[in-house]
Amino acid sequence: MTQSSRRFAQSMVFLGLGITVALTALILYAGQAQTAVKKQPAAMEPVPALTPFVDVHTHFDENDAGGTIRSVLAALGRENAAKIFLQMPPDTFDHPGHYDAEVLLPAAKKYPDKLGVLGGGGTLNAMIHESVASGNSGPEIQQKFRDRAEGLIREGVIGFGEMTAEHFDGLTPYQYAPANHPLFLALADIAAKYDVPIDLHMEAVPKSMLLPSDLKSPRNAPQLHGNIQALERLLFHNTNAKIIWAHAGTDLTGFRAPDLCRQLLRAHPNLYMEIKTDTQNVGKNYPLADDGKIKPDWLQLFEDFPDRFLIGSDQHYPEGKGAEQRWQTVVLLFNQLPSDVRRKIGTENVLHIFPRKPAASSANAARN
């Protein structure tokens, strides 16, 4: 064989090896890509709830009320949701982006059978935290607070939310107020008077402690105050006030386990909880195992207290693109519940907790 022939033969061998390696890499990449797709439910067709449910805790784009409403109405059928309730984020007057129910109520009132609005997050919550900062919760402050709360009722809100007693830094600043602060107690009395609930965001802190190391300070307070006893004092203050403790299943301190939930639900008949699961922010004491099944201790809690839970996904509308939606994960949990428990948590509890007719009529009658 000539030298040029040998070089040609060697070139063909190397070419063949290169093609083989490239094909092998392509096959391996394809296999990995298929696996990755399987791990991303957001890329799949949405899975609706097996039976209708009401999502009582969602948020919206305050700069696009019309777009929010269109997005929510489109989501109802995709999710098999009977209704969706929209809330204000808990905010402070120091935060330039704060707003309240007025930005959405006019548009939402056109669809009373599909939408509901809770208010106070941008004003009542801000008034509470302003009072904590100033140390002033005297009669004049309390009267202004009551006037604003009753004004929101007259405007048509179906509850007060999202309020907060302990909220870590995020879209809104870090916030802390004792759950039994005089203005929270006043709000409980107003909520009981008009038969509307209070939706409360509160990270569980059984006793005063240092901020967990996985949470950043100074954006959050370096020292956290115990808040469970204060929550119990709020619940005892007016047992006709229905308090919904938001975000069961999304625990950032590690203390909101089924045992604590069970203890409080057993002691306080006016306490309710919303179920939230968020794969982007799993936190601690997450209700779902790695295979997506409900963990036995959480399932037992839902079965033992079927009258005390609601769905509160914390979904934002319009829905973000390219990310798994919060409503989808909580629906996958919801679909695993026994049918009788699913019926109560999905719709029946909402009828008991939220007013069946607008509280605005009674507020206007009282004013006149």
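Tutor: Start with contact, which means heavy atoms within 4.5 Å. By that rule Phe255 touches Ala204, Pro206, Met209, Leu260 and Asn285, leaving out residues up to four places away in sequence. The model is a predicted one, in which local features need pLDDT of at least 70 and side-chain atom pairs count only at pLDDT 80 or more, while totals for chains, interfaces and linings use all residues. Residues are numbered from 1 along each chain as its sequence is written, and side-chain values use heavy atoms, with hydrogens and water left out.

Student: Where is Phe255 found, and how far apart are the C-alpha atoms of Phe255 and Ala204?

Tutor: Phe255 is in the loop between β10 and α8; helices here are DSSP runs of H or I with at least four residues, strands are runs of E with at least two, and both are numbered from the N terminus. The C-alpha atoms of Phe255 and Ala204 are separated by 5.8 Å, although these residues are 51 apart along the chain.

Student: Why is Phe255 called partly exposed?

Tutor: Buried means under 20% relative accessible area, exposed means over 50%, and partly exposed is in between (1.4 Å probe, protein chains only). Phe255 has 35%, so it is partly exposed.

Student: Which residues of helix α7 are buried?

Tutor: In α7 (residues 228–237), the buried ones are Ile228, Ala230, Leu231, Glu232, Leu234 and Leu235. They pack against α6, β7, β10, α8 and β11.

Student: What makes α4 and α6 roughly antiparallel?

Tutor: Angles run from 0 to 180 degrees between N-to-C directions, with axes fitted to C-alpha atoms, for helices over the stretch in contact. Under 35 degrees counts as roughly parallel, over 145 as roughly antiparallel, 65 to 115 as roughly perpendicular and the rest as oblique. Helix α4 (residues 124–134) and helix α6 (residues 182–194) pack at about 150°, with axes 9 Å apart. The pair is therefore roughly antiparallel.

Student: Which residues meet there, and how many are nonpolar, polar or charged?

Tutor: Leu124, Met127, Ile128 and Ser131 in α4 meet Leu183, Phe184 and Leu187 in α6. That contact has six nonpolar, one polar and no charged residues. Ala, Val, Leu, Ile, Met, Phe, Trp, Tyr, Cys and Pro count as nonpolar, Asp, Glu, Lys and Arg as charged, and the others, Gly among them, as polar. Ser131 in α4 is among "the others", so it counts as polar.
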